[in-house]
Amino acid sequence: MRCSHNTSDRFIKLSRPRSFTHQQRLATGSQLMSHHSILRKVIPKLARGYSSSTAENRDNNDSIKTSNGKAPLKPKRVLAKQYDPAKVEEGWYEWWEYKGFFGAKGVTKEGMDEHPKKTFTMLSPPPNVTGDLHIGHALTFSIQDSLARWFRMRGYSVSWIPGTDHAGIGTQSVVERHLFKEKSLTRHDIGRENFIKQVWEWRKLHGDQIIKQMRRLGASLDWDNLFFTMDSQRSKAVINAFIRLFNDGMIYRDTRLVNWCCALGTVISDIEVDYETISKQTFLDIPGRDEKVEFGVLHNFAYPIVEPCGDIKELVVATTRLETILGDVALAIHPDDPRYKSLHGKSVIHPLLNRVLPIVCDPELVDTSFGTGVVKVTPGHDFDDYACAKRHRLPIVNILNKDGTLNENCGISTLMNKDRFDARKDIICRLQELGYYRGKRIDNEMRVARYIRCRDMQLRALEDVEKGEIVIKPSYHVDEWNRWLGNIQDWCISRQLWWGHQIPAYNLTYEGQKSAEEIWFAADSMSEADKLAKEYLLKLNLSPIPNYALKQDEDVLDTWFSSALLPLSSLNWCGDHNIPVNYPTNIIETGFDILFFWVARMNMLCTYFSGRPPFKEILLHAMIRDAQGRKMSKSLGNVIDPLHVIDGVTLNELRLNVSKSNLSKSEIEKSIKNLTREFPQGIKPCGTDALRFGLVNYTRQTRQINMDITYIKTIQHFCNKIWNLFRFSNERFDALHHTTHISADFINPTEFLSSSLSNLTLIDQYILSRLSITVAKCQEGFENLELYEATEAIRSFIIEDLCGIFLEFIKPVLYGSSEGSGIKTQKSTLEVLEICLNSSLRLLHPFMPFITEELWQTLVERSNHMISKVPDSIIITKYPRKEDFERFKDDKVEEDMKTILSVIHASRSLRQNNDIPQGIQLPFILWIDDPKFLDEQSPIVRFVADIRNFIKASEIRVISLGKSQVNLFTMFERDSRYTGLIAIIIWFFEKYQDEQTSRLLGNSEVSLVTPNLKVGIPMSAIVEIQSALESSATDFTKKKAKESDTESEKLQKLTKKVEKVTNDLEMLREIIGNTSYLEKVPEKIKEIDRFVMFY
């Protein structure tokens, strides 16, 4: 196979394969290739609902037909009155992909450099084909797509490569359970070949769903480069990598104590074992058993001493796994334990097998303070005992079969082939009968397996982090990295399964073979192994060559072996010495739970083959748990499908999904019970944008994310806020005939506002200053890989600054209802508003791709296409840069606005405390004891009209303790900006003595803004308003009672009116949609129509 390497210099980000299990093998090499042939047909169908040509063959003509006869056209919709995520997200993804925006060539579209100098390549985390994506996958895709879109908007050529992981042990396990549940058959009943076919069918079914989920999440993936970890390209890299390691002496075969899973029938690694501490008697469910098994109980039994002397006649030993007594080869005591000094060099008699076992002294194994200070040594089933046996050269006995039953080494014929837990009960009875019973973990055993020598690779990985060649974020994970790599053992890569990459090693046996030593060759095929075997036999000077046989290793490689090669193999590396030029990658982003499963192993293997670490930075995010902080589990019923959050789901649908799962009957009942408690009303639809934004914002929680669906709903409310912001803005743009200026490059705001800078009001300057800060925070958030800083910044800006303050201040200007709201002021205000909208959408786009695209198009529609070339999509526009906004950062402006806002907030607080609605006018008093507040440039003086409008003041009385009445009146009369102001606001500027001020303060409800600025309402006004409100409420109640009889009639009339208005609006919508409407209808009528439609 010819390898193709990308020759561009790329900035690469690598994501993790979501696999926590291990591979299973295919039957033969020929079967593997036949499955690859199937896969080549399956993958394109998984990737697309329609066939798409390569980027080179695409053009920008939306009328090009696809295989189903329909071209994905660019969505065009009237901005609806209400935000509906389902409608907003419809159609955009297919159109984006059709236009080629996702591939590396997408950046050559409108407005971007034809030959970009910077490139960015990233691997998606290949999800397991064990089942559908869950919310943890959605978190990873949300983070990585945000990065991909940000780099794309910065001008990089982005190729985010998608893939799926075969997940050997996990996929085989789930298919086996499914097969047994549906047909009551095991894999052994149908045979290896048929079982492998079942797995491939499962892979296609769930591969389709996984791809659908990726698309719905808005992941801008380069589908033309979709891969599967068992496709031909990746398999070739795996085989050649194994062969090189084998020939370099890095892989060896040995008999060692391993973690053996009886239910799955395979070895699993140390780091994949979940240890559970049990402090009391506990009954647990064990796979394959109907009844629960007792754990957490120590069984005490005695070993009689051979030729006892003194008072010690026996040694009592305690164990939780009594069946392992049949594999005991010795007892161990501590050499310094004074209780057993007389037993050094002595022996005991096995209570059941009547064998003589030595007593050994071992200070490492024995803790004198625990139990009796005597430890039974069972090296075939315990790691510590295994180490002890090696130190004392004791025999190693394995008493268990692969399925957890006892074998012939147990020494008792009636217990052979009996399940270990059943045998435990039998052994207790035997010990009781013999008088040796003294009252009331994954299994370990010896297996032949292949290992990779890790010592040198481990030291290099530690050195790379220490020297800063690799940076781990958050930095506290460095200690975990050092701890794990500092204690790493050689890596067991053999798995006894039927699904995965079969180990490319062949065993040679021949006639006349004298040595019992096994002879193995690593080769990519049987024919290549045959050549190596003949060369070997010729070197032995055997003539003629004797009859010989070759047999391939039946084990498969650990799934993590193929995954560890992904930084190379995903770039089309074939396992040879030609390293892709776009290696190494720059960053790997993943959950911290697989820092060692995957990240460390990638570092070790890829550095071994390339000489360089596969990435420069490691970014780790927290694990998602449910709202109560519990680990997500199907049996708990708290695993969340991201599509359920996006589209919504009823409780009945959730229950149905669980009932169809592979869980046991008891687990299904438990899961449904928990689901009913967690989601009594099901899950309401939130949309993709809200889910993505919420998940990224959650990453502030670096250790654990407690996922709460109600939080995602609050983000949907944020989307509503954005939607209404654009509805208002577009209505004002149309009413005031404002033309936007949209281009791919971000227009420098200084240049854009060059003609309006002198007309900028304080509120204009304020919002530009806030925007400057927001752009800087967003940019720094991405650069520092702290994306939550960016989400927090843009959310705060839109809700608090743009909508909460700026919009409220400019509404009188844009509606022409404020003093000085002339054409120039309106023009500059509209331009500032446009900059805010334009910037906000670009800042938001990496996190919320759908709503930003939908709203972006409304700005594009109003743009002057003659002045600048308008980009087709927000995807290919430039991200705002903090350098372009730095000049607008103004601390003085923000301080002035802070003063104004403090007065407004204080007045509203006074209203709220006294239950007076905001719409009712009240007299207010300002106590000022600082000359700066009364300076003609002070914010209170300059914006007194805005303050009055905001706080709905009938009058504002200013009590000045440091300025004369005359001077203030003179100032207002002199300044033309305040013409007419005195007529509508009554000002009292007087000098009061302290006692007079105190008396007035005592007769008012007061709120403190600063020590020198207070806001108050006379108590007389409060009492008067409250009395009027109470009277109105009484009159209203009487009126309602009187009108209750005619309620039905009024309802009928109102219903008719609603029907008429609805019909009129529909007719108006049809009229506006007519092509001749724009040409023939006068502008004045159009404005009226727009007003009617808007409201």
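Predicted model: local features only at pLDDT ≥ 70, side-chain atom pairs only at ≥ 80, totals over all residues.
Residues are numbered from 1 along each chain as its sequence is written, and side-chain values use heavy atoms, with hydrogens and water left out.

Let us start with packed helices. Two packed helices are described by the angle between their axes and the distance between the axes. Helices here are DSSP runs of H or I with at least four residues, strands are E runs of at least two, and both are numbered from the N terminus. Axes are lines fitted to C-alpha atoms, for helices over the stretch in contact, and angles run from 0 to 180 degrees between N-to-C directions.

Helix H21 (residues 709–735) packs against helix H26 (residues 849–861) with axes 11 Å apart and an angle of about 5 degrees. H21 and H26 are therefore roughly parallel to each other; angles under 35 degrees count as roughly parallel, over 145 as roughly antiparallel, 65 to 115 as roughly perpendicular and the rest as oblique. From H21, the contact (heavy atoms within 4.5 Å) takes in Cys 719, Ile 722, Trp 723, Phe 726, Asn 730 and Phe 733, and H26 answers with Ile 851, Glu 854, Leu 855, Thr 858 and Leu 859. Sorted by class, these are 8 nonpolar, 2 polar and 1 charged, where Ala, Val, Leu, Ile, Met, Phe, Trp, Tyr, Cys and Pro count as nonpolar, Asp, Glu, Lys and Arg as charged, and the others, Gly among them, as polar.

Now turn to helix H12 (residues 477–486) and helix H16 (residues 595–610), whose axes come within 12 Å and cross at roughly 75 degrees. That makes H12 roughly perpendicular to H16. His 477, Glu 480, Trp 481, Trp 484 and Leu 485 of H12 meet a set in H16 that includes Leu 595, Phe 596 and Met 604. The loop between strand E17 (471–473) and H12 holds Pro 474, and the peptide bond joining Lys 473 to Pro 474 is cis, with omega about -10 degrees. Another cis bond runs from Tyr 583 to Pro 584, with omega near 5 degrees; Pro 584 sits in the loop between helix H15 (566–569) and strand E24 (587–591).

Arg 393 is worth a look too: its phi is near 55 degrees, a positive value in a residue other than glycine. You will find Arg 393 in the loop between helix H9 (383–392) and helix H10 (420–434).

Finally, the aromatic rings. The structure holds 31 aromatic pairs, counted for rings of Phe, Tyr and Trp (its six-membered ring) with centres within 6.5 Å; planes under 30 degrees apart are stacked, over 60 edge-to-face and the rest tilted. One of them is the edge-to-face pair of Trp 200 and Phe 228, at 5.9 Å centre to centre with 70 degrees between the planes. The pair links distant parts of the chain, 28 residues apart, with Trp 200 in helix H7 (residues 192–216) and Phe 228 in strand E5 (residues 227–228).
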